[in-house]
There are 2 protein chains.
Amino acid sequence: MRYSKIPDEAVRRLPIYLRGLLICSEQGLQNVSSRKLSELLRISPPQIRKDLSYFGAFGTPGVGYNTTKLAKQIRGILRIDTTNKAALVGLGNLGSALLRYPGFSAYGLQISAVFDNDSVKIGKIAKKVKVEDVSNLSALTKRGITLAIIAVPADAAQEVADALVKAGIRGILNFAPFYLDVPKKVKVITIDIAMVLARLPYYLPAGA
Amino acid sequence: MRYSKIPDEAVRRLPIYLRGLLICSEQGLQNVSSRKLSELLRISPPQIRKDLSYFGAFGTPGVGYNTTKLAKQIRGILRIDTTNKAALVGLGNLGSALLRYPGFSAYGLQISAVFDNDSVKIGKIAKKVKVEDVSNLSALTKRGITLAIIAVPADAAQEVADALVKAGIRGILNFAPFYLDVPKKVKVITIDIAMVLARLPYYLPAGA
């Protein structure tokens, strides 16, 4: 794992900074200050400067960050300046939505393998990708696939994770609502949609 | 908006602490230290203590936090100790997955209205909820609905958000990959799945 002393939270915000830079770039801004980025992204200027300082010396005092240059550098740090192939496991409603999700390509991500355990789905073509039997899931790294997305029911997620680790996968995006038990060398990011939604009532006005 | 000086990041972690406490409770632990919670959740003990201190004085030095009591208190702070009704807008693949998502009820969330613009879907029953015409979206607060989930294509998201705000919605969970322009009194949480996945290649070993 690279830059092991860099907090995950700083890495988490890098794609947010990238998005802010792309918006500034679209607005025709050649340079942007951390203050302007802050207004756009609602992250404080010192936080932005601190996060970026982990990865190098970017920007010029009084001028700010060069939008296209810093965007390119962040893409490089995140390693999304090349295409990364991902396997999608689970072609239910969520998996189908993910397969059709238009946002991945902007970040160099390509779903190039799809697995399911439903014999009706296996063998069919979904978005130009042939659906494979999940019980044949192996040797993904030989096919250049290093990432995986788990979109199976919660009770099958750990089993799938084990198979993915065996297949050489080193990064997993997990939609099952619990931590997966994997070796340390494998990075798991869990999106627990219910837990995100659970934060919303907090912000409701009293008596709502 | 309550507790306006409390950072969003602390609120963001409350459901994570709640999950940790529930796990400890299931393990039969009556009390838990911030260190034990830290090991479970991979958030540092000082961070846990600081986050919780925004909301009150919890725990006893040398004993730790009472698992069931603190879980109850966090539910109260998040206002998920009662049922919160949500409207789902967009019944495509993602919307269908969300409607069938089993995790919401654990956080007191209930999708009690569904809207779409597809005449084939309108009038049908999906998970016991009748699909309504999105162009009739109004007066949701009269129906006790205060939250909404936007799962429509990106180019329709702002229009839907405007209608939701007009209908009295004060909290929105947004899956469209950009910031929605809403009045300050409305809280929007955006889940940009591509941006989360964009962090994974960072953790791949060199040359992967």
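Biologist: What pLDDT does chain A average, and what share of the residues score at least 70?

Modeller: This is a predicted model, and chain A averages a pLDDT of 91. A score of at least 70 is reached by 97% of the residues. For the model as a whole, ipTM is 0.86 and pTM is 0.82.

Biologist: How many helices and strands are in chain A, and what does the C-alpha trace span?

Modeller: Chain A has seven helices and nine strands. The C-alpha trace of chain A spans about 60 × 50 × 35 Å along its principal axes. Chain A has 208 residues, of which 36% count as buried.

Biologist: Which share of the contacts in chain A joins residues at least 24 apart?

Modeller: Take the contacts between residues at least 6 apart in sequence; in chain A, 54% of these join residues at least 24 apart.

Biologist: How do I read a helix pair, and at what angle do the axes of helix 1 and helix 2 of chain A cross?

Modeller: Look at the approach of the axes, then at the angle. Helix 1 of chain A covers residues 8–26 and helix 2 of chain A covers residues 34–41; their axes come within 10 Å and cross at roughly 105 degrees. Angles of 65 to 115 degrees count as roughly perpendicular, so helix 1 and helix 2 of chain A are roughly perpendicular to each other.

Biologist: Which residues make that contact?

Modeller: Helix 1 of chain A contributes Ile16(A), Tyr17(A), Gly20(A) and Ile23(A). From helix 2 of chain A come Leu37(A), Leu40(A) and Leu41(A). By class, the residues of this contact are six nonpolar, one polar and no charged.

Biologist: How are two copies of a chain related?

Modeller: In general, a rotation about an axis and a shift along it relate two copies of a chain.

Biologist: How many residues of each chain are in contact, and which elements of chain B supply them?

Modeller: On chain B, 47 residues are in contact with 47 residues of chain A. Elements of chain B that each supply at least two residues to this side include helix 1 (8–26), helix 4 (67–78), strand 7 (145–150) and helix 7 (193–197). The side of chain B that touches chain A has 32 nonpolar, seven polar and eight charged residues.

Biologist: Why do the copies meet through the same surface?

Modeller: Because 100% of the interface residues of chain B are also interface residues in chain A.

Methods
Residues numbered from 1 in each chain as written. Chains lettered and ligands numbered in written order. Predicted model: local features only at pLDDT ≥ 70, side-chain atom pairs only at ≥ 80, totals over all residues. Contact = placed C-beta atoms within 7 Å. pLDDT = per-residue confidence, 0-100. Helix = DSSP H or I, 4+ residues; strand = E, 2+ residues; numbered from the N terminus. Nonpolar A, V, L, I, M, F, W, Y, C, P; charged D, E, K, R; others polar. Buried ≥ 20, exposed ≤ 12 C-beta atoms within 10 Å, placed from the backbone. Axes fitted to C-alpha atoms, helices over the stretch in contact; angles between N-to-C directions. Parallel < 35°, antiparallel > 145°, perpendicular 65-115°, else oblique.
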